[in-house]
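This report goes through one protein chain, from single residues to the whole fold. The sequence and model come first.

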Amino acid sequence: MIMGVPVIYTDFDGVLNAFPDDKVLRRGGVGHTGWLKDGDPRKPLYDAARAFRLDGNEQARTPVGRFRIHWSTELTDAMHALAVSGRVELNWLSTWQPYCVNTLDPMLGWDPSVVHNTVWYDPVTMERRLTGKLSTVLSRVRVERKSNDPSPIVWIDDEECYDAAVEEVRAENPAAPVLMVRPDMHIGVSRRQWKLIERFVDDWSGFPPLTFDNEDGSRAARGEHVGL
């Protein structure tokens, strides 16, 4: 069976926009953990070998408020490059849906003619906001199942990629492998997870029908998740 181009659905908050511990951030952020005591779970979480450096720091202004954004340009540039090269079909699947094209794409340096913005909920009535992400992915799995050249799917979300969702996707018997990635919201996609995604994109033939990767980081450095 011939496989199509891999499809990536990515969330923003907790995936690209990280929510680091305030004290860690004030003391230098990722890679600056020498002041933390051994045994502090934040130390391995914010280690440079595990997390991308959050060198992007801007305030996103939207009609519903202003939000401080912290992201890794290394990560966002690498993800965008996959789309520009035609190696993947890159899709936003985020509650930032109304602001992806005019706010997020310019901020990250992403080309909106290359990166697609998935419309999955009604921003006025909020209809489907609680169920739309999963149903979008399930719908795409069904579409690919009917295709002669089904595309593998990568879904990256720190909240929606959970055990029950994994089982719902598995129950659809995907025709091509599916990779579900759950980052830790404090660091976003980890270096290990990004390597896994790149390996999947390069050669998904050795992957099982469904792979679930959960970089939970023990949820030790809990902070308030402030986003859309």
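Does N91 count as buried or exposed, going by its relative accessibility? At 5% relative accessibility, N91 counts as buried, where buried means under 20% relative accessible area, exposed over 50% and partly exposed in between (1.4 Å probe, protein chains only). The model is predicted, so local features need pLDDT of at least 70 and side-chain atom pairs count only at pLDDT 80 or more, while totals for chains, interfaces and linings use all residues. Residues are numbered from 1 along each chain as its sequence is written, and side-chain values use heavy atoms, with hydrogens and water left out.

N91 is found in strand β4. Helices (H or I, at least four residues) and strands (E, at least two) are DSSP runs, numbered from the N terminus. Leaving out residues up to four places away in sequence, N91 touches V7, I8, Y9, T10, H116 and T118; contact means heavy atoms within 4.5 Å. T95 sits in the loop between β4 and α4 and counts as buried at 13% relative accessibility. In sequence T95 and Y121 are 26 residues apart, yet their C-alpha atoms are 8.2 Å apart in space.

**Nonpolar cores**

A nonpolar core is a set of buried Ala, Val, Leu, Ile, Met, Phe, Trp, Tyr and Cys residues joined through side-chain atoms within 4.5 Å. The largest one has 36 residues, of which F12, L16, W92, W96 and I156 touch the most other members. At least two residues of this core come from each of β3 (65-71), α3 (73-84), β4, α4 (100-108), β6, β7 and α7 (191-202). The largest share, five residues, is supplied by α7. Another core, of 18 residues, lies apart from it and includes Y9, L138, A165 and V169. L16 touches T10, D11, H70, W71, S72, L75, T76, M79, W92, L108 and W110, again without residues up to four places away in sequence.

**Helix α5**

Helix α5 covers residues 132-145, and its end C-alpha atoms are 20 Å apart, in agreement with the 20 Å that its 14 residues should span at 1.5 Å a residue. The expected span is 1.5 Å times one less than the number of residues. Buried residues of α5 include L134, L138 and V141. Their cover in the fold includes β1 (7-10), β4 (89-92), β6 (153-156), α6 (163-171) and β7 (178-182).

**Cysteines**

A search of the whole structure finds zero disulfides, a disulfide being a pair of cysteine sulfur atoms within 2.5 Å. For C100 and C161, the closest cysteine sulfur is too far for a bond.

| Cysteine | Relative accessibility | Closest cysteine sulfur |
|---|---|---|
| C100 | 0%, buried | C161, 16 Å |
| C161 | 0%, buried | C100, 16 Å |

**The whole chain**

The protein chain has seven helices and eight strands. Its radius of gyration is 17 Å, close to the 17 Å that the globule rule gives for 228 residues, so the chain is as compact as a globular protein of that length. That radius is taken over C-alpha atoms, and the rule is 2.2 Å times the number of residues to the power 0.38. The C-alpha trace spans about 55 × 40 × 35 Å along its principal axes. Of the 228 residues, 52% count as buried. Among contacts between residues at least 6 apart in sequence, 71% join residues at least 24 apart.
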